[in-house]
Amino acid sequence: MSPHFIFLILLLLPYLVLSSQDSDDQLIPPRWDVYDNGKIYDITHRITAETPTGISQTGIGSDYLRLHDSMRNGSDYNFSIIKLPAHSGTHVDAPGHFYENYYEAGFDVDSLDLRVLNGPALLVDVPRDTNITADVMKSLNIPKGVRRVLFRTLNTDMRLMWEKIFDTSYVGFTKDGAQWLKDNTDIKLVGTDYLSVAAYDYLVSAHRVFLKNREIILVEGLKLVDLEAGIYDVHCLPLRLFGAEGSPIRCVLIK
């Protein structure tokens, strides 16, 4: 090797090392909420250690995701184990959530109708000073024939889904609001913006109204920020968890 070539390598070596470091620094994973300038909106909350759940005041905790095998510790691959509450973050309820006979009979998330969970949907704004009562449902004037409705409430303004503490003051359906929806609309998919579709004081009664006939599917904890009210196509897919009365779900809106 000629002295001239060696000198050239020594001269360029610092720049080659710096270039390699810069390349490593560019390993930044993309994380989007909006795709193609507003054609697709991800309305699913990201699962983190602080994702809220109704059975904890500190979120789901860091143990929800654990490396069983780690390349850093000598394994040939990384292999994680997931452990989290079925009703945390953005999730779906199956009829067995509030009916023991349905639970025993197997009406789990694997039995939910994907035709209900996918299709045209209406995003509506609920008055910010109230739960979703029968009077509120009347005032929304949702047309007959609309089968999927996403209800945006004060929960979104207060960013309750971004807090790890379970806040019992959240907005939700009252029993009479659930009954009015069931009796006077064609809605089969009800989506809300906190962990429970039912207001805390009506937690059991409103859920039981919705789930009694096994026709209405409840999707809870949706991320409905920075969206215009109106018609979208919604696509929601739960995990096929045999025997589970709830499941995390990925939901997107397409304009």
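Author: A salt bridge is here a side-chain nitrogen of Lys or Arg within 4 Å of a carboxyl oxygen of Asp or Glu. Side chains of opposite charge can pair when their charged atoms come close. The model is a predicted one, in which local features need pLDDT of at least 70 and side-chain atom pairs count only at pLDDT 80 or more, while totals for chains, interfaces and linings use all residues. Residues are numbered from 1 along each chain as its sequence is written, and side-chain values use heavy atoms, with hydrogens and water left out.

By this rule there are 9 salt bridges. One of them joins the side chains of Asp33 and Lys223, with 3.3 Å from N to O. Asp33 belongs to the loop between α1 (3-25) and β1 (34-35), and Lys223 to the loop between β9 (217-220) and β10 (230-238), so this pair ties together parts that are 190 residues apart in sequence. The helices (H or I, at least four residues) and strands (E, at least two) named here are DSSP runs, numbered from the N terminus.

The two partners can also be described by their accessibility. A residue is called buried under 20% relative accessible area, exposed over 50%, and partly exposed in between, with a 1.4 Å probe and protein chains only. Asp33 counts as partly exposed because its relative accessibility is 38%, whereas Lys223, at 10%, counts as buried.

A further salt bridge is formed by the side chains of Asp110 and Arg240, at 2.7 Å from N to O. This pair, too, links distant parts of the chain: Asp110 is in the loop between α2 (100-105) and α3 (114-117), Arg240 is in the loop between β10 and β11, and the two are 130 residues apart. Asp110 has a relative accessible area of 29% and is therefore partly exposed. Arg240 reaches 70% relative accessibility, so Arg240 counts as exposed.

Asp125 and Arg128 form another salt bridge, in which the closest N and O atoms are 3.2 Å apart. With 35% relative accessibility, Asp125 is partly exposed; Arg128, at 29%, is likewise partly exposed.
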